[in-house]
Amino acid sequence: MFNQRRFYSRSLDPRHSVRIHSPVNMSTQSRGRVPIEPQCVDAPLTQTATFLVVTINNTPSAVGVVRSVLSNIDGLAKNVSIRDLSAVFACTVGIGSEVWDSLTRLPRPTELRPFATIQGGKHTAISTPGDLLFHIRSERRDLCFEFEQQLLDALGDAITVVDETIGFRYFDVRDLLGFVDGTANPVGPAIPSSIFVSEEDALSAGGSYVVVQKYVHDMNAWNGLATEQQEAIIGRRKLDNVELDDAVSGQQQSHKSLATVEDESGNEHDILRDNMPFGSPGLKEFGTYFIGYSKSLWVIEQMLKRMFIGDPPGLHDRLLDFSAPLTGTTFFVPSLGLLKTLDIKRS
Ligand code: HEM
């Protein structure tokens, strides 16, 4: 049956009509004259991105170095972004649960906790280490490269890189499975109301939770499926991206249905995804780097439970039969205003 709820643009949905103003303006700003500020979670989709996850070393000076680098991240970003404004360079920094207290000495965002392993009947969402996430985006690969180099120089031996993934745009925003990825992202006023913490946690307002998972695909197995089977797994048509109806309750659900989360009142909760393909044909590596931003961590956790455990339990997301997560880590992206205060002396 045609799903009318999905037919209407989410920007017209009255639930999303009220823009929530964050105390610090982190939304997309005028890009003609000035670079995009760091921590701009809703920066534009770009041709390339670097996803850098690091841990902070257990040395006497490490935390101090990291505080200093993070609180001056806007200066570091300007070094690079001003060199080509049309390349829309943007960097967001996320801070992990384990280091939040010692690094920031600020109140904890209420939902910040480590990524919890989810053990499904067949597949497991693993939890992997990470104290800091740098989501570095630009139209130009060289700007991402240059920024990362300057950043790592500044951090020196205060950190250890645990994962560095280079993502690239693949045709019309497709993942390597061949499907357009990102269609159901919120648009317009629904963006800030989906991604920025607001008055429900006033001390963390203007920030955002972010979850990352690095998936690798079994392309031989995926390509062995008929296009109609692939479409049933994703929940959209492959060529023209048209959405398919949800399966009848109790039957195998598609990825887009399992990744749809509603609260008890039937309100749907959106997240902002900026997934990117990565890989190397020579090394036979084909992947999707999942990155999801949300004002509420429980929403992404619930999506993951629905994917790995299934709804009903046992009928997991069939996308996982062809996609294995190598990482799983949660961070909180504080507002730029808050990040800049990190190296202020506190008693
Ligand atoms: C292998 C990794 C993944 C791939 C290749 C993938 C791909 C896709 C594709 C092609 C769509 C349909 C088009 C769209 O609306 O974007 C989609 C939808 C979606 N995905 Fe994923 N996805 C992956 C993992 C995840 C994970 C881990 C989550 C959440 C924790 C997630 C959340 C969503 C959401 C919220 C939607 C939109 C659902 C709706 O229509 O309301 N995805 N994904």
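# Reading helices, cores and a ligand shell

Tutor: Let's start with residues 41-169, where the chain is 33% helix and 29% strand, with its end C-alpha atoms 18 Å apart. Helices here are DSSP runs of H or I with at least four residues, strands are E runs of at least two, and both are numbered from the N terminus. This is a predicted model: local features need pLDDT of at least 70 and side-chain atom pairs count only at pLDDT 80 or more, while totals for chains, interfaces and linings use all residues. Residues are numbered from 1 along each chain as its sequence is written.

Student: What does UniProt list for residues 41-169?

Tutor: An unreviewed UniProt entry gives that span as "domain: Dyp-type peroxidase N-terminal". UniProt positions are in the numbering used here, feature names are shortened, and annotations may be inferred rather than shown by experiment. The entry also lists residues 173-335, as "domain: Dyp-type peroxidase C-terminal".

Student: Now the helices. Which residues of helix α3 are buried?

Tutor: Buried means 20 or more other C-beta atoms within 10 Å of the residue's own; exposed means 12 or fewer, partly exposed is in between, and C-beta atoms are placed from the backbone. In α3 (residues 73-81), I73, A77, V80 and S81 are buried. Their arc, taken from the directions from the helix axis to the C-beta atoms, is only 90°, which puts them on the same side of α3.

Student: Which exposed residues does the face of α3 turned away from its buried side carry?

Tutor: G75 and N79. As for the buried side of α3, its cover includes α2 (62-71), β2 (90-96), α5 (141-155) and α11 (336-340). That rests on contacts, meaning C-beta atoms, placed from the backbone, within 7 Å of each other.

Student: Which residues of helix α4 are buried?

Tutor: Running over residues 97-104, α4 buries W100, L103 and T104. Seen down the axis, they fall within an arc of 100°, so they line one face of the helix. D101 and S102 are exposed on the other side of α4. Among what covers the buried residues of α4 are α2, β2 and β14 (329-333).

Student: What follows α4?

Tutor: R105, with a positive phi near 55°, and R105 isn't a glycine. You'll find R105 in the loop between α4 and β3 (118-119). R105 counts as partly exposed because it has 15 C-beta neighbours inside 10 Å. N241 is another residue to check: its phi is positive, about 70°, although it is not a glycine. N241 sits in the loop between α8 (227-234) and α9.

Student: Where is P312 found?

Tutor: In the loop between α10 and β13 (323-325). While you're there, look at omega: D311 and P312 are joined by a cis peptide bond, with omega about 0°.

Student: How many residues does the largest nonpolar core have?

Tutor: A nonpolar core is a set of buried Ala, Val, Leu, Ile, Met, Phe, Trp, Tyr and Cys residues joined through C-beta atoms within 7 Å. The largest one here has 85 residues, and F89, V93, F147 and V210 have the most contacts inside it. Helix α10 (residues 297-308) gives the most to this core, with seven residues.

Student: Last one: which of the 25 residues around the ligand come nearest?

Tutor: A residue is near a molecule if its C-beta atom, placed from the backbone, lies within 6 Å of it. Of those 25 residues, F179, T183, A184, A259 and S323 come nearest. Elements giving two or more residues to the shell are β7 (208-217), α9 (255-258), β12 (285-294) and α10.

Student: How do the residues of the shell around the ligand divide into nonpolar, polar and charged?

Tutor: There are 13 nonpolar, eight polar and four charged residues. In that scheme Ala, Val, Leu, Ile, Met, Phe, Trp, Tyr, Cys and Pro are nonpolar, Asp, Glu, Lys and Arg are charged, and the others, Gly among them, are polar.

Notes
Contact = placed C-beta atoms within 7 Å.
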